[in-house]
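Please look over the chain shown here.

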Amino acid sequence: MARLIRNKQGVPSTLLTRFLNSPSSLLTLPYYSTSKRSLRTLAYEEIQANPNKPYTHTAFILHGLLGSARNWRSFSRTLVSSLSDSPSEWRMVLVDLRNHGNSAEMEGLDPPHDLVNAAKDLGNLINSKGWESPDVVIGHSMGGKVGLQFAKSCGNRDYGENVKLPKQLWVLDSVPGEVTSDNSDGEVEKVLQTLQSLPSTVPSRKWLVNHMLDLGFSKSLSEWIGTNLKKAGGEETWAFNLEGAVQMFHSYR
């Protein structure tokens, strides 16, 4: 989902996804082992270039609003491929944040649906698995602010002694501060309002894309929204918890 917002210095930043224009070459890389697991805390995927080797370093990848872990598979495979000649064995953990992807169906991720609890979910995931803290956290858009909150809470030791401050935090396409109406063009709000006006199930992905186009949204954005559907009987429904995602967006702002 594309829109521009401006920070206090007036520098434009893309709020949501740029994956619509990802190079096709990313999709032609050799397939790297991906494991999928679901917990009461969060759903996630793991990617390693050499899954038979024990990993030595971990990076968490956090998606943006209305996205999911799968948006970052190609990126993560490219990244571990570029690191395959290093002495370190990297593991990428692609997280589905609350109300998104496979975590949308998880029980126990109770309100309020804000960034504090979204970051706490990461701490709970680490503690429940007995993992060491990630060396790197990479967050895109809303995921970037979840990463900032996670780092702040780690610094305060809110998640216990086992969950430590990451060595690096990368915040991509996000504004680390309040997003006011003056700094927003309102496109994300318009998309969310449009989705809220639709029934919980739609006839097909093609119908949704055409509906979004008729409302004046771009083809790339409309098609990206269409990728967030899943089968529900003979129709399609959202792959995210829309109302929970809206609450997270308000918290992001």
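The points that follow describe a predicted model and are grouped by topic.

The chain has 253 residues, and 49% of them are buried. Its secondary structure consists of seven helices and eleven strands.

**Chain as a whole**
- Among contacts with a separation of 6 or more, 75% join residues 24 or more positions apart.

**Nonpolar cores**
- The largest nonpolar core contains 48 residues. Within this core, the residues with the most contacts are L66, F150, L195, I225 and W238.
- This core lies between domain 1 (44-172) and domain 2 (181-252), because both domains give residues to it.
- Leaving aside residues up to four places away in sequence, L195 touches L66, M212, I225, W238, F240 and L242.

**Sheet β9-β11-β10**
- Three strands make up an open antiparallel sheet, in the order β9-β11-β10.
- The edges are taken by β9 (201-202) and β10 (229-232). Each has a single partner strand, so one side of each is left without a neighbour in the sheet.
- Two bridges link β9 to β11 (residues 235-238) in the antiparallel sense.
- Opposite V202 stands E236, a residue of β11.

Technical notes: Residues are numbered from 1 along each chain as its sequence is written. This is a predicted model: local features need pLDDT of at least 70, side-chain atom pairs count only at pLDDT 80 or more; totals for chains, interfaces and linings use all residues. Side-chain values use heavy atoms; hydrogens and water are left out. A nonpolar core is a set of buried Ala, Val, Leu, Ile, Met, Phe, Trp, Tyr and Cys residues joined through side-chain atoms within 4.5 Å. Buried means under 20% relative accessible area, exposed over 50%, partly exposed in between (1.4 Å probe, protein chains only). Domain bounds come from an automatic or database domain assignment. Contact means heavy atoms within 4.5 Å. Two strands pair if DSSP finds at least two bridges between them. Helices (H or I, at least four residues) and strands (E, at least two) are DSSP runs, numbered from the N terminus.
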